[in-house]
Amino acid sequence: MPSSAKDQDLFGLNNDSEDENNVSLDEEEEKDTRFSKSKLQKSSFNDSDASSDESEDEDDKEDRNEEEGSELENEEDNRESEEESEEERQEELSDMEGYDAPTDLTEFGVMSSKKGKEKKKKIKSLTPEELEKFEKARKKTGVCYLSRIPLFMPPSRVRELLKKYADIGRIYLVPEDQKITTRRKKYTKNNRRNYIEGWVEFKDKKQAKAVAEHLNMREIGGKRKSRYYAEMWNIKYLPKFKWHHLTEQMAHEKQARQQRLRNEIAQANRENKTYIQNVEKAKMLENMKEKKRKRNNNDEGPSENIKRTFEQRNKVNREVAPVDESVKGLLGSIFSKK
């Protein structure tokens, strides 16, 4: 029978008993002081204060964490800026003609081995051990100077000739003057590149010094049919000279050249400005003179063409009575020299 009672309740047959039960429950809740409005409001205010205190504590913690994170980011940014400056110097050399370097330069104390203009990725900070390793590799390197490059010898050929003596890193050859290149291209139709001088980086400075002493003023040699067979090496080891000194020197020369060009352009602009001012001043003075000339002509007008005649009086001769001697004596006494 309980199933039938449930079915009857579903159709609303026993709602009266349920209403009586609900009324009794409401009366009990009203009598219970735990659910009064004042207590509920106080409890809600206490909860909001506690939550606000917790939120303030969390905000303070977040601010501290942000400050610590900003300090770490500043340190990382400083390291990255130093590494990026080195990369920019390398890219400046790589953009120039006559630069050649292997893909991996970690053995020569270079942080990154990328060539060309690629998208810069965030570099992780080095550990003290790795940094010490790079510094040792950089201090161990040596640089040799080539005072003369054989005619039309590219950097790749220099590497092939020198790599059999020692491990070679970067090579930079200075191209000849652009005016000479354009003149040669115009008259001889020769588009090959010629270089004047250069620098070669070796992995070990002892090997660099030995190679310089051995090859200086010797024939390049090789096959007899080679065009560089009879050419001579002019090479010298540079003590206490590293590759970053060369990049700094190149950057300094570039900045000096740009500053010189800026000064020349500013001087030309000043001269042009003063010349224009003088021309305008001369025009203004000429206009003033022309206006003055026209004004004088208008004032004189027809007076230049008119000729006037005046009647002359006849000459009159008058006789004057002679002066008395007494008057002469008086006048003489006054005007005589003492």
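Predicted model: local features only at pLDDT ≥ 70, side-chain atom pairs only at ≥ 80, totals over all residues.

Me: Why is the pair of tyrosine 145 and tryptophan 199 called tilted?

Reply: Two aromatic pairs are found in the whole structure. In this one the ring centres are 5.4 Å apart and the planes stand at 50°. Rings of Phe, Tyr and Trp (its six-membered ring) pair if their centres lie within 6.5 Å; planes under 30 degrees apart count as stacked, over 60 as edge-to-face and the rest as tilted. The pair is therefore tilted.

Me: What makes the pair of tyrosine 172 and tryptophan 199 stacked?

Reply: The centres of tyrosine 172 and tryptophan 199 are 6.4 Å apart, with 15° between the planes, and the pair is stacked. Tyrosine 172 is in strand S3 (residues 168-175) and tryptophan 199 in strand S4, 27 residues apart. Strands (E, at least two residues) and helices (H or I, at least four) are DSSP runs, numbered from the N terminus. Ring pairs link Tyr145, Tyr172 and Trp199 into a cluster.

Me: How do you know whether tyrosine 145 is buried, exposed or in between?

Reply: Buried means under 20% relative accessible area, exposed over 50%, and partly exposed in between (1.4 Å probe, protein chains only). Tyrosine 145 has 23%, so it is partly exposed. Tryptophan 199, at 13%, is therefore buried, and so is tyrosine 172, at 3%.

Me: What makes the contact of glutamate 201 and arginine 170 a salt bridge?

Reply: The rule asks for a side-chain nitrogen of Lys or Arg within 4 Å of a carboxyl oxygen of Asp or Glu. Here the N to O distance is 2.8 Å, and the side chains meet in a salt bridge. Glutamate 201 is buried at 1%, and arginine 170 is buried at 4%. By this rule there are seven salt bridges.

Me: Why are glutamate 290 and arginine 293 about one helical turn apart?

Reply: They are separated by about one helical turn because they lie three residues apart in helix H8 (residues 243-300).

Me: Why is isoleucine 334 called exposed?

Reply: Its relative accessibility is 55%, so isoleucine 334 counts as exposed. The residue is in helix H9 (residues 325-335).

Notes:
Residues numbered from 1 in each chain as written. Heavy atoms only, no water.
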